[in-house]
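Open the model in your viewer and keep the sequence panel beside it. The stops below are given in the order in which to select them.

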Amino acid sequence: MSDSDTDSDAGDEDVQCWLVERTYTDRGLIDLVYATPSGDRVRRKQISATIMRQRGTEATAATTVAAADLEPVDDAETRERYRTEVERVRGEYAPDDEL
């Protein structure tokens, strides 16, 4: 198992996180949630839908995040949902696949 497959508590390490949630706001923004494989930490990103269209890009299945930039998931049900979604996405997509 590589470092990107594990959740490390070291603040200076990078962690591979997988897209587990995408929502669209009424302000033309896209909220993306990337979770660690265990589902216990996340990185939330917000990007303009217009900018994504202009660049011709989509969200990727995974992204590398500095461990220090991750926030905890306090709710056990949400952690389990994220963990399950990471397993599904990892099984169907390569990290750089656009979703």
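Begin with H2, which lies across strand S1 (14-24), strand S2 (29-35) and S3, and runs at about 100 degrees to S1. The angle is taken between N-to-C directions on a scale from 0 to 180 degrees, with axes as lines fitted to C-alpha atoms, for helices over the stretch in contact. Contact means heavy atoms within 4.5 Å. Helices (H or I, at least four residues) and strands (E, at least two) are DSSP runs numbered from the N terminus.

This is a predicted model, in which local features need pLDDT of at least 70 and side-chain atom pairs count only at pLDDT 80 or more, while totals for chains, interfaces and linings use all residues. Residues are numbered from 1 along each chain as its sequence is written, and side-chain values use heavy atoms, with hydrogens and water left out.

Next, show the whole protein chain as a cartoon. Its secondary structure comes to 2 helices and 5 strands, in the sequence pattern β-β-β-α-β-β-α.

Now select the strands. They form an open sheet of 5 strands in the order S4-S1-S2-S3-S5, with antiparallel pairing. At the edges are strand S4 (62-66) and strand S5 (71-72), each of which pairs on one side only. Two strands pair if DSSP finds at least two bridges between them.

Zoom in on S5 and strand S3 (residues 41-48), which pair in the antiparallel sense over 2 bridges. Pick valine 42: its bridge partner in S5 is glutamate 71.

Return to H2 and select glutamate 92, which lies in this helix. Is glutamate 92 buried, partly exposed or exposed? Glutamate 92 is partly exposed, because its relative accessible area is 49%; buried means under 20%, exposed over 50%, and partly exposed in between (1.4 Å probe, protein chains only).

Then colour by pLDDT, the predictor's confidence in each residue, from 0 to 100. The protein chain has a mean of 87, with 88% of its residues at 70 or more. Confidence is lowest in helix H1 (residues 49-55), at a mean of 80, and highest in helix H2 (residues 76-92), at 97. Where pLDDT is low, the predicted coordinates should not be read in detail.
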